[in-house]
Amino acid sequence: MAGFCLLLLRRRARLFTVLSQSIALAFDAGFVTAPFGFAQGRLRPSPTKRGVVSSLLLRLYKTIVIDRPVVALGLVFFPVAFFASYVPDFKLDASSESIILEHDEALKYYRASRETYGSDDFLIVVYTPHEDLFAPSSLAHLTKLRDELARIDSVESIHSILDVPLVNSPRVSLTELKGGEGIRTLESPGIDKELARKELQESPIYRNNLISTDTRTTALQVIFKEDATYDELLNKRNRLREKEAESGLTAEEAATLRSTEQIFHEYHATVIESESKDTEVVRAILDKYRDKAQLYLGGTRMVVADMISFIEYDIATFGAGILAFLLMALVYFFRTWRWVLLPMSCCLISVVVMVGYLGFMDWPVTVISSNFVSLLLIITMSLTIHLIVRYRILNEEASTVDQKTLVFHTMKDMTKPCFYTAITTIVAFCSLIVSDIRPVIDFGWMMTIGISLAFVLNFLYFPAVLVLLKPERVSLRTDATKAFTMAVAGFTLKHAKPIVAVSLLLAVLGGMGIGQLEVENRFIDHFKSTTEIYRGMELIDMKLGGTIPLDFVIDADETVAVSPEATDDPFDDPFDDPDPFAQEEDAAGQPSYWFNGYRLTQVETIHDYLESLPEIGKVLSLATGAKVLKQLNDGRMPEDYELALLRKYVPEDVKKAVLDPYLSPDATQTRLTMRLIESAPTLKRKELIERIQRYLVDEIGFAEATVHPTGMALLYSHLLHSLYRSQILTMSAVFVSILLMFVMLFRRVSLSIVAILPNLLAACAVLGLMGWWGIPLDIMTITIAAITVGIAVDHAIHYIHRFQVEFVKHQSYRDTIVACHGSIGRAIYYTALTITVGFSILAFSNFIPTIYFGLLTGMAMMVALISNLTLLAALLMIAKPLGPAST
């Protein structure tokens with residue numbers, strides 16, 4: 001059995017789809033759209049189009065599931081037991097590796113830049129003492145905190161105001177700087193703390209970086225040891241992937257790539273767990289020091305750790321919350337325990353199998369795909385409710401029929417519409433698979449596999465359990481839901497044309513709103529203001545120069561001299577002849593293109609421009625060190641020969657602070673790094689990056705090929721815009737695919753067009769509302785259109801399928817609409833209400849995009865419910881796609 005399950009799982013969605021198709025073909029081969037009629041209270045088969053009532057697959061299904069329900073339950077039990085054993089292996093991942101744009105050249109450059117200039121993966125401890133920061137007690141408290149953090153095994157070093165080099169306390173000369181003399185730290189004996197305060201407050205390096213301008217707040221940068229194994233595996237995997245994309249791999253290289261990917265995947269999971277534990281250790285240490293200071297934690301590692309905790313919270317809270325709501329909804333709708341326990345067990349089976357499958361495949365859930373549990377619960381419940389409602393209607397119409405016959409005809413009648421609703425939902429989620437963003441791709445695959453599993457398992461488990469139960473006694477109580485849907489039918493029949501006109505107006509307004517949609521958003525707005533991420537980012541923005549890093553790396557232009565002769569260029573060297581020292585080889589044996597007076601002045605101009613932009617906080621570059629050198633040299637830039645000597649003989653700790661992060665080892669690149677003010681109301685990353693790039697090319701005169709933006713801010717911007725483009729391009733393909741499936745199902749083009757229009761309105765309305773309200777698209781809300789269409793078309797499929805059946809009986813559009821609203825309309829009402837409230841539960845998340853996703857998708861479901869019960873019926877009345885009525 002285990003071997004069979006292994007084979008099943010490795011086929012992923014394809015196998016589950018084949019199983020679904022087999023069941024559907026079995027019923028489609030033997031039954032027409034009209035399932036059966038009634039005569040004297042007994043069920044009898046209706047004539048079939050193909051005349052194949054007793055096909056082999058149909059007999060097999062009836063024999064295994066209906067006649068031998070215990071066998072069917074065994075087929076369900078063994079996979080459930082197998083997968084349940086892997087539930088503990090279920091993993092979460094919120095690292096940057098899980099939110100990347102595949103095949104992105106910017107990502108490739110970012111990784112290369114990190115190898116050259118070092119990682120931006122560290123923790124920031126924001127420290128604001130209750131007393132003056134430079135008071136002895138505060139410094140002692142800060143020292144104790146730093147020392148305890150430094151004792152963590154994985155920590156390599158701590159950068160703080162306590163140990164950074166000071167050159168103005170008192171001032172040292174350039175000669176002393178070359179020899180490493182006179183450089184002190186805040187911990188040096190006899191240091192003048194007021195001079196140190198002034199230097200730290202005014203220093204181009206430390207101001208708004210390690211200390212706030214009011215000297216009340218400081219930061220400790222916790223730098224962790226590099227993981228050589230992780231870097232080696234990552235680089236090996238990336239090199240093989242790049243070669244595979246560019247020129248292809250040999251069989252041996254392909255095997256090496258698969259092996260490396262597997263090893264890296266497993267090692268990456270251990271690294272994430274280790275980093276999360278490190279963050280918890282740091283937090284535990286900080287808790288000891290909160291009595292004398294206000295402390296916040298920031299940095300990429302903290303964001304990853306908190307995002308994982310958000311995912312865990314969302315899965316646990318919303319899984320439990322949705323289950324609780326479904327329980328209450330079922331009790332309210334059906335008022336009997338069999339219709340509570342049976343659908344709830346269907347949902348639990350689907351979720352357990354899917355979660356266990358992810359654990360078995362070692363497939364981690366990310367921030368984006370964490371909603372798959374909620375969605376799978378809702379979709380499974382929707383499927384089960386349709387089966388329940390159909391069973392109850394048949395039971396009311398033929399109460400004397402035995403249980404097996406009732407269950408069999410229920411499943412026969414619902415297989416085709418349920419199969420097509422599953423497939424159309426899968427098609428909508430497949431639109432996410434064509435994205436280049438890994439978590440979105442995973443989300444699409446998880447939902448595709450989950451929906452396939454839910455369909456197969458429910459068509460085995462639901463009828464098998466129901467056959468073992470006694471037939472339900474027909475209740476004569478008033479059905480409030482039916483009264484409501486019948487009232488809607490009456491309203492629709494009376495106002496068909498005004499309904500179409502209002503819907504058209506809403507579509508136009510939605511289209512106008514869609515034109516105002518924006519994909520840019522501020523990362524800080526993803527979190528509630530009460531979370532540590534938000535408060536820490538806000539404080540760092542206000543006091544310490546911003547949060548999300550953005551870099552610009554500029555290559556040396558070999559066609560231009562190091563220090564050009566006099567031209568009309570505003571950055572011309574003021575001397576006729578370049579300084580000979582500028583062309584001499586530097587300490588690394590390469591011409592020093594950047595570290596000379598002319599180029600440093602040029603970089604300083606760029607540096608000052610960047611600092612003038614309101615969206616940018618702290619800027620660090622070669623100009624930062626040059627500003628310090630000018631302070632030590634009476635406001636003048638040192639001569640080029642002095643710069644050459646300084647670069648060669650400057651102490652290592654000074655070199656690490658002012659040179660190495662901004663000048664490549666071969667001196668052919670310079671790097672300007674800045675942090676964006678995420679709380680800035682005008683922040684639009686893409687526009688900002690393009691504006692800076694235009695300035696460097698058009699104003700400064702660099703060749704465009706030598707200017708390279710990079711950093712997490714750029715990668716996140718690329719991610720959002722790529723997803724936006726891919727979704728816009730694929731949504732049209734989704735609609736066309738669904739329309740083609742409608743044609744296959746309904747056999748009429750006009751009927752298929754009528755069926756899809758109300759669902760287009762639902763997607764258009766919710767996206768238009770986002771545009772009008774100024775809600776930006778992000779990695780969560782950008783999937784709303786695909787999900788809305790995928791789930792909302794289910795209503796149309798069930799309604800049109802029932803409409804075709806009833807029209808054969810009534811031969812009147814008005815009577816058929818009344819009959820459909822009284823039968824399938826109730827099921828649509830139940831499922832839509834369940835889905836709406838189920839999605840709305842996501843509003844309790846700590847992750848703002850999840851809140852928007854839940855509320856907006858719930859709203860879209862309500863629009864879909866209303867449009868399918870009103871607009872769809874009105875269009876059927878007006879268009880008459882089944883031909884003229886006989887009455």
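Student: Which residues gather in a patch of negative charge on the surface?
Tutor: In this predicted model, Glu115, Glu156, Glu226 and Asp231 form that patch. A patch joins like charges within 9 Å, using residues with over 30% relative accessible area and no salt bridge; a salt bridge is a side-chain nitrogen of Lys or Arg within 4 Å of a carboxyl oxygen of Asp or Glu.
Student: Where is Glu156 found?
Tutor: Glu156 belongs to strand β4 (residues 155-159), a strand being a DSSP run of E with at least two residues.
Student: Is Glu156 buried or exposed?
Tutor: Glu156 is exposed because its relative accessible area is 52%; exposed means over 50%, buried under 20%, and partly exposed in between, with a 1.4 Å probe and protein chains only.
Student: A new topic: is His526 buried or exposed?
Tutor: His526 counts as buried, at 3% relative accessibility. His526 sits in the loop between α17 (496-514) and α18 (532-543), where helices are DSSP runs of H or I with at least four residues.
Student: What does His526 touch?
Tutor: Leaving aside residues up to four places away in sequence, His526 touches Asn521, Tyr716, Asp778, Asn846, Phe847, Ile848 and Pro849; contact means heavy atoms within 4.5 Å.
Student: Which phi does Asp362 have?
Tutor: Asp362 is not a glycine, yet has a positive phi of about 55°. Asp362 lies in the loop between α12 (338-360) and α13 (372-397) and is buried, at 15% relative accessibility.
Student: How are residues numbered, and what limits apply?
Tutor: Numbering starts from 1 along each chain as its sequence is written. Local features need pLDDT of at least 70 and side-chain atom pairs count only at pLDDT 80 or more, while totals for chains, interfaces and linings use all residues; side-chain values use heavy atoms, without hydrogens and water.

Conventions
Patches are made of residues with over 30% relative accessible area and no salt bridge: like charges are joined within 9 Å, nonpolar side chains (Val, Leu, Ile, Met, Phe, Trp, Tyr) within 5 Å. Accessible areas come from the Shrake-Rupley method with a 1.4 Å probe; for residues, only the protein chains shown count as cover. Lys and Arg count as positive and Asp and Glu as negative; His and the chain ends are not counted. The place of a charge is taken as NZ of Lys, CZ of Arg, CG of Asp or CD of Glu.
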